[in-house]
Amino acid sequence: MTITFEGEPLSVPAGISVAAALLAGGVKNFRSSVVGGRPRAPYCMMGVCFECLVEIDGIPARQSCLIPVREGMAIRRQIGAVELQFGAGEKA
Ligand code: FES
């Protein structure tokens, strides 16, 4: 199947996680660290370490090791921290 990473098409196997698909496609830099901006990539592949965060279809900070890859997904690197969004009546 075909997904995009940073706007570039990537042909990946079906039936695996987004993290596994990106790794199979040769991606080594999934996100930048919050402190220092260093490149990060998946480590545990089971939802524990949060090193695999990426933006998927415009939604930031998704754990790519826990999400099945799907045709047409648009994936981007997670750059630093995500701003918290609060609803009406909530305080930061
Ligand atoms: S690789 Fe550790 S949470 Fe995804």
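This is a short walk through one predicted protein model, from the whole chain down to a few residues.

Okay, ground rules before we look around. Residues are numbered from 1 along each chain as its sequence is written, and side-chain values use heavy atoms, with hydrogens and water left out. Since the model is predicted, local features need pLDDT of at least 70 and side-chain atom pairs count only at pLDDT 80 or more, while totals for chains, interfaces and linings use all residues.

So, the overall picture. We have one helix and seven strands in the protein chain; helices here are DSSP runs of H or I with at least four residues, strands are E runs of at least two, and both are numbered from the N terminus. Reading from the N terminus, the order is β-β-α-β-β-β-β-β.

On dimensions: the C-alpha atoms fill a box of roughly 45 × 30 × 25 Å along the principal axes.

Buried residues come to 30% of the 92. Buried means under 20% relative accessible area, exposed means over 50%, and partly exposed is in between, with a 1.4 Å probe and protein chains only. As for contacts, meaning heavy atoms within 4.5 Å, take those with a separation of 6 or more: 41% of them link residues 24 or more positions apart.

Now, let's zoom in on the helix. Val18 belongs to helix H1, residues 18-24. Is Val18 buried or exposed? Buried, because its relative accessible area is 0%. Setting aside neighbours within four places in sequence, Val18 is in contact with Ile56, Ser64, Ile67, Pro68, Val69, Met73 and Ile75. And Gly72, 54 residues away along the chain, has its C-alpha atom 12 Å from that of Val18.

Over to strand E3, where we find Arg31. Here is an arginine that counts as buried, with a relative accessible area of 11%. What does the side chain of Arg31 pair with? Glu51: a polar contact of 2.7 Å joins the two side chains. By polar contact I mean a pair of N or O atoms within 3.5 Å; within protein, one must be able to donate a hydrogen and the other to accept it, and residues adjacent in sequence count only if both atoms are side-chain atoms. Not counting residues up to four places away in sequence, Arg31 also touches Arg38, Pro39, Arg40, Phe50, Leu53 and Gln78, among others.

Moving along, Ser33 sits in the loop between strand E3 (31-32) and strand E4 (39-40). Ser33 is buried too, at 7% relative accessibility. Its side chain reaches the backbone nitrogen of Gly37 at 3.2 Å. Beyond four places in sequence, Ser33 touches Arg38, Arg40 and Gly80.

Last stop, backbone angles. Most residues other than glycine have a negative phi. Which way does Asp57 go? Positive, at about 50°. Asp57 lies in the loop between strand E5 (53-56) and strand E6 (59-63), and at 36% relative accessibility it is partly exposed. Ala61 has a positive phi as well, about 60°, but this residue is within strand E6. Ala61 is partly exposed, at 34% relative accessibility.

That's my tour; happy to go back to any of these spots.
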